[in-house]
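Hello,

I am passing on the structure we talked about, so that you can look at it yourself. My notes on what turned up follow below it.

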Amino acid sequence: MALVLLDRAKETTTVVGTGTATLLGAVTSYQSLAGVGNGNTTYYCIVDQVGANWEVGIGTYTSAGTTLARTTVLASSNAGALVVFTTGVKDVFVTYPSEKGVWYDASGNVLFTGTTTAANISYTGTLTGGTGVVAIGTNQIYKDASGNVGIGSSTSSVKLYVRANLTGGTSNSIRLLDDGAAATSTSNNSYGYGFNATTGELSSTAGNGGFHSWYTANTERMRIDSSGNVGIGTTAFPSATKLVVQGESSTNPTTFWSYGYIGNGAVDTKCGTIRNGFDGNAGFGTYWTSFRGANGSSYQARFGVRVNSTDTDVVTLDSSGNLLVGCTSVPNVGVAGQYGFSVAPTEVVISKNVNTCALYIRNVGGGAAVAATFYNGTSQVGSITTSTTATAFNTGSDIRLKENIIDAPSALASVNAIKVRSFDWKVDGTHQDYGYIAQELLEVVPEAVSVPTNEDEMMGVDFGKLTPRLVKAIQELKAIIDTQQEQINSLLGK
């Protein structure tokens, strides 16, 4: 059913009361209301030819019987209600009520009067107006006098304000669609933004299988693909990688990617890896790996080198603060096959499997230098010093370290009690003509024997600790020799 307006459409009727008017034909020089069409509506006016009664409204035309039902009264001589017409002839004609008017003025402007509701409004050209308020629907589209626009709201204090009921879930308040995409499309040619009012979650959604990308200077800088992988400076993702950062291979060959969390299992697992690739090639580079021991027994950070897609751990830092080189645990020097270099808060271990020097200490400047200094607590107790031609192993002996200084007791008997042995070494069968047995020496010169706390470890002998005792014994022998020489001289009459 449509609203139809006609020019110069006028008929007569003899309707009585408030019923439907039967049309009696067109008045001379006018057309009939048949042009309204069956079932359509029009604006009508009924006027008594001899009386003062009149009625303006919306009527429905029926071609069968040529009638006009007085459907809606807009104004009338009966205070806006249906007029109770009496007998006599009345004029019926199509009119255009001013309260329903839309004007096209001499300047080409379309003017509305009052509140206008329409199913569709079509226009060509430019839709312009003043600074007035525009409100379409209830909390649907709103523009204030300052040009602020609200969508889903009847107010706006910013240039664009979008409001939707998102409580209890995240949906798109804003969706961008490519040309030709359906209004409800979630395919690759759509992109949306949403907000969850319950959790405070802000989301942006690409279409099914799509990705997010960010550009500056017309160049893609960052991407999140459909699997959730993030790339900065790249659109390629190595297997099992969640984040890749890649610079320009020619001037800034930095590549970064990280493996995801694997979990706490019964075997050692990688928890995350940071890689630096060479020339953008994932098969070559260096890496830092976060490593978890079986069932969370230990935690490590490992630095390594990747060559031809094979990783080799080079340096490890474990959760005890041990720095390990060439190994992933502190080498046990008492167990064959454990090699590497470790620095711990309480020890340094060097274990190697080749017959080369294990430790080099170099004085680059030449001349006298201190290669190593040893402390017990806060007191210096020894050092290793070098000159241009020799190395000295120094034990703390400064008088400032000592008290109760007296001549040492006799050492000759104890020296004579030292057992000097010949023996073969078990490790390689090497024969030694002169040496000591630590357990035997311990009974005579205990300060020269190192006894470990762990009885399974080997005892050792500090030969330097025998020197003062030997010197004392020699001095005693010298005194005996001198006395005997005097006695000999006396017997010889010298």
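Predicted model: local features only at pLDDT ≥ 70, side-chain atom pairs only at ≥ 80, totals over all residues.

Residues are numbered from 1 along each chain as its sequence is written, and side-chain values use heavy atoms, with hydrogens and water left out.

The overall picture: the chain has 3 helices and 34 strands (DSSP runs numbered from the N terminus, H or I of at least four residues for helices and E of at least two for strands). Of its 494 residues, 24% count as buried (buried is under 20% relative accessible area, exposed over 50%, partly exposed in between, with a 1.4 Å probe and protein chains only). Among contacts between residues at least 6 apart in sequence, 28% join residues at least 24 apart.

Now to T60, which lies in strand β4 (residues 54-62). T60 counts as buried because its relative accessible area is 19%. Leaving aside residues up to four places away in sequence, T60 touches G39, N40, T41, T67, L68, A69 and T71. With T71 there is also a side-chain to side-chain polar contact of 2.8 Å (a pair of N or O atoms within 3.5 Å; within protein, one must be able to donate a hydrogen and the other to accept it, and residues adjacent in sequence count only if both atoms are side-chain atoms).

Next, have a look at strand β23 (residues 299-307). Its covered face holds Q300, R302, G304 and R306, and its uncovered face Y299, A301, F303, V305 and V307. In a regular strand the side chains alternate between the two faces of the sheet. R302 counts as buried, at 9% relative accessibility. Its side chain makes polar contacts with the side chains of Q300 (2.8 Å) and D313 (3.0 Å).

β23 pairs with strand β24 (residues 310-318) in the antiparallel sense over 8 bridges (strands pair if DSSP finds at least two bridges between them). V307 stands opposite T310. The two strands form a hairpin with 2 residues between them, and N308 in the turn has a positive phi of about 50°.

Enjoy exploring!

Conventions
Contact = heavy atoms within 4.5 Å.
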